[in-house]
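Colleague: I'm new to this structure and would like to learn how to read it. Could you walk me through a few features?

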Amino acid sequence: MAAGLPHPLIFMTELNNALGTHIPIHVWYTWVAMLILFTIGFLVSRKLSLVPGGLQNLVEIIVGGLEDFVVANIGEGGRTVFPFMCTLFVYILVMNLLGLVPGCDAPTANINTNAAMAVCTFLYYNYIGIKQHGAGYIKHFFGPVPALAPLMFIIEIVSHISRPLSLTLRLFGNIRGEEIVLVLLFMLAPVFSTLPMYFLFMLAKVIQAFIFFMLTMIYLKGSLEHAH
Amino acid sequence: MFFKGNKEAIDLLGNAATIGTHLVCSTFVGMAIGWYLDKWLGTKPWFLLIFLLVGIGAGFKNVFDEVQKIQRKDQGKGPGVNNDD
């Protein structure tokens with residue numbers, strides 16, 4: 001339900017009413033996204049063939065393309081952290097696109113989903129940095145000039161903490177904004193005005209998922225490479 | 001890849017989209033840290049002011065880094081990481 005605007009129909013409110021539960025809608029739709037991904041994963045892995053066809057081809061294009069992109073940007077060391085990023089991308093993409101299905105709502109239009117993913121990213125890249133460099137990871141926080149190290153330390157801490165916040169807010173703002181625009185346009189002129197918007201937002205949602213993925217990659221690159 | 005044709009445009013869009021939010025979020029994080037330190041230590045305005053300035057500084061540093069990265073990419077020598085060692 002985008003910003004309290006009346007939504008024509010949401011399946012999961014009906015389901016909540018039918019079951020008598022009070023599970024929030026974004027949790028339901030997160031489960032739907034997980035179910036979709038599990039199903040696709042199961043269908044693909046059940047009959048793997050050397051010559052890919054159909055669904056396996058699509059999945060291979062997505063995963064292979066992303067892996068090439070990551071290796072081109074981070075270097076060979078990126079292969080160890082690639083599964084995390086790929087999972088994030090596919091998961092966010094499915095959740096974003098759920099918002100375009102009539103009767104569904106994007107779980108990423110709720111700030112809690114995004115905050116959970118951003119905190120995961122934050123903890124993961126710091127973990128990777130500590131695992132890679134040990135105690136030397138702290139050198140990443142001191143900046144290039146020794147004389148300015150105490151000042152740079154505070155600034156770096158603040159800028160690191162701001163990363164999950166900016167990840168959360170960007171995804172939340174974009175997806176929520178799109179949902180609101182769709183609902184408003186649907187109220188003004190049903191179907192006729194929302195149809196062109198669907199194609200624009202389909203692109204925008206893919207881009208948002210890709211931006212989240214790319215920022216995760218940049219942060220992981222920063223924690224993988226040596227301090228300047 | 002599925003958007004091979006305009007990968008550079010999407011790259012640039014991603015970079016441009018990050019700069020603004022980084023600047024704003026750093027300021028707010030700095031302010032929040034100062035606010036809660038003041039609340040904890042009872043030194044009413046001082047930590048708020050100091051950390052607000054630090055937050056603004058961090059925001060500018062983020063923008064500086066981003067722009068440097070874009071510039072380096074334009075010159076076509078993005079450094080890679082090798083973690084074989």
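Colleague: Let's start with contacts. Which residues does A:Thr194 touch, not counting residues up to four places away in sequence?

Modeller: Keep in mind that this is a predicted model. With those sequence neighbours set aside, A:Thr194 touches A:Leu182, A:Leu185, A:Phe186 and A:Ala189. A:Thr194 itself is found in helix 7 of chain A.

Colleague: Is A:Thr194 buried or exposed?

Modeller: Look at the relative accessible area: buried means under 20%. A:Thr194 has 7%, so this residue is buried.

Colleague: Now empty space. How does one look for it?

Modeller: Rolling a probe the size of a water molecule over the atoms shows where empty space is left. Here, a search of the whole structure turns up one cavity of 30 Å³ or more. The volume of the largest cavity is about 30 Å³.

Colleague: Which residues line the largest cavity?

Modeller: The lining consists of A:Leu167, A:Arg170, A:Leu171, A:Gln208, A:Ile211 and A:Phe212. Helix 6 (149-188) and helix 7 (194-224) of chain A are the elements that give two or more residues to this lining. Sorted by class, the lining has four nonpolar residues, one polar and one charged.

Colleague: How do I check the span of helix 6 of chain A?

Modeller: Compare the expected span with the distance between the end C-alpha atoms. Helix 6 of chain A has 40 residues, so at 1.5 Å a residue it should span 58 Å; the end C-alpha atoms are 57 Å apart, which agrees.

Colleague: Where does a kink lie in helix 6 of chain A?

Modeller: Go to A:Arg163, shortly before the proline A:Pro164: the kink there is about 25 degrees.

Colleague: How far does helix 2 of chain A reach from its first C-alpha to its last?

Modeller: Helix 2 covers residues 25-46, 22 residues in total, and reaches 31 Å, close to the 32 Å expected.

Colleague: Which residues of helix 2 of chain A are buried, and what covers them?

Modeller: The buried ones are A:Ile25, A:His26, A:Trp28, A:Tyr29, A:Thr30, A:Ala33 and A:Val44. Their cover includes helix 1 (11-19), helix 3 (55-74), helix 4 (82-98) and helix 5 (111-133) of chain A.

Colleague: And chain B: how many helices and strands does its secondary structure have?

Modeller: Chain B has two helices and zero strands. Of its 85 residues, 31% are buried. Among the contacts in chain B with a separation of 6 or more, 53% join residues 24 or more positions apart.

Terms used:
Residues are numbered from 1 along each chain as its sequence is written. Chains are lettered from A and ligands numbered from 1 in the order in which they are written. This is a predicted model: local features need pLDDT of at least 70, side-chain atom pairs count only at pLDDT 80 or more; totals for chains, interfaces and linings use all residues. Side-chain values use heavy atoms; hydrogens and water are left out. On a 1 Å grid over the protein atoms alone, a cavity is a set of points where a 1.4 Å probe fits but cannot get out, and a pocket is an open set with protein on both sides within 12 Å along at least five of seven lines; lining residues have an atom within 4 Å of a point. Grid points are joined across faces, edges and corners, and a volume is the space filled by probe spheres set on the points. Helices (H or I, at least four residues) and strands (E, at least two) are DSSP runs, numbered from the N terminus. Ala, Val, Leu, Ile, Met, Phe, Trp, Tyr, Cys and Pro count as nonpolar, Asp, Glu, Lys and Arg as charged, and the others, Gly among them, as polar. The expected span of a helix is 1.5 Å times one less than its number of residues. The bend at a residue is the angle between axes fitted to the seven residues ending there and the seven starting there. Buried means under 20% relative accessible area, exposed over 50%, partly exposed in between (1.4 Å probe, protein chains only). Contact means heavy atoms within 4.5 Å.
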